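Here is a short briefing on one protein model. Look over the sequence and the fold, then read on.

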Amino acid sequence: NIKILFSSSFEDAFVYARKGQIIRVLVNLISNAVQALESVGRGYIRISLLMENGNYLVSIEDNGPGVKEEDEAKLFTPNFTTKSSGTGLGLAICSNIIEQSGGTIGYSRSELGGANFYFKLPVHYGNEA
């Protein structure tokens, strides 16, 4: 019972990053959203790709319970988890991958009511070396 919506105004979006690593970030963030929605009757995940100040902004939002305010500062630190299983390394690894790619990653409350994990990567125009 999870509906996934994707929106983008771009036909193509190029970044300079390792493909496998960016896939790993997306899989982790989407998997976290799916897990957060297990307790919700009808779940929504909205994935969006926007342009912001010369960067692509990728947001993965859900209508789950979100992150407790007191946990927000610890989200990207190794071994921190709010789940009953797992190592607590997923978001720390995501943060490392995005930073190595010249970007930033963060969390905010989603307008859907749950979590909004997002990352920004510099735009790469395909003709640059």
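Which residue in the turn of the hairpin formed by strand 2 and strand 3 has a positive phi? That residue is Asn53, with a phi of about 50°. The hairpin has two residues between its strands.

This is a predicted model, where local features need pLDDT of at least 70, side-chain atom pairs count only at pLDDT 80 or more, and totals for chains, interfaces and linings use all residues. Residues are numbered from 1 along each chain as its sequence is written, and side-chain values use heavy atoms, with hydrogens and water left out.

**The sheet**
- Five strands make an open sheet with mixed pairing, in the order 1-2-3-5-4.
- Helices (H or I, at least four residues) and strands (E, at least two) are DSSP runs, numbered from the N terminus.
- Two strands pair if DSSP finds at least two bridges between them.
- Strand 1 (2–8) and strand 4 (104–109) are at the edges; each has a single partner strand, so one side of each lacks a neighbour in the sheet.
- On average, neighbouring strands of this sheet are turned by 15° against each other, direction ignored.

**Strand pairs**
- Strand 1 and strand 2 (residues 43–52) run parallel, joined by seven bridges.
- Phe6 has Ile47 of strand 2 as its bridge partner.
- Strand 2 and strand 3 run antiparallel, joined by eight bridges.
- Ser48 is opposite Ser59 in strand 3.

**Helix 1 on the sheet**
- Helix 1 (residues 19–36) lies across strand 1, strand 2, strand 3 (55–62) and strand 5 (115–122).
- Its angle to strand 3 is about 25°.
- Axes are lines fitted to C-alpha atoms, for helices over the stretch in contact (heavy atoms within 4.5 Å), and angles run from 0 to 180 degrees between N-to-C directions.

**The helix pair**
- Helix 1 packs with helix 2 (residues 90–100) at an angle of about 145°, and their axes are 10 Å apart.
- Helix 1 contributes Gln21, Ile22, Arg24, Val25, Asn28, Leu29 and Asn32 to the contact.
- Helix 2 contributes Gly90, Leu91, Ile93, Cys94, Ile97 and Ile98.
- The contact residues divide into eight nonpolar, four polar and one charged.
- Here Ala, Val, Leu, Ile, Met, Phe, Trp, Tyr, Cys and Pro count as nonpolar, Asp, Glu, Lys and Arg as charged, and the others, Gly among them, as polar.
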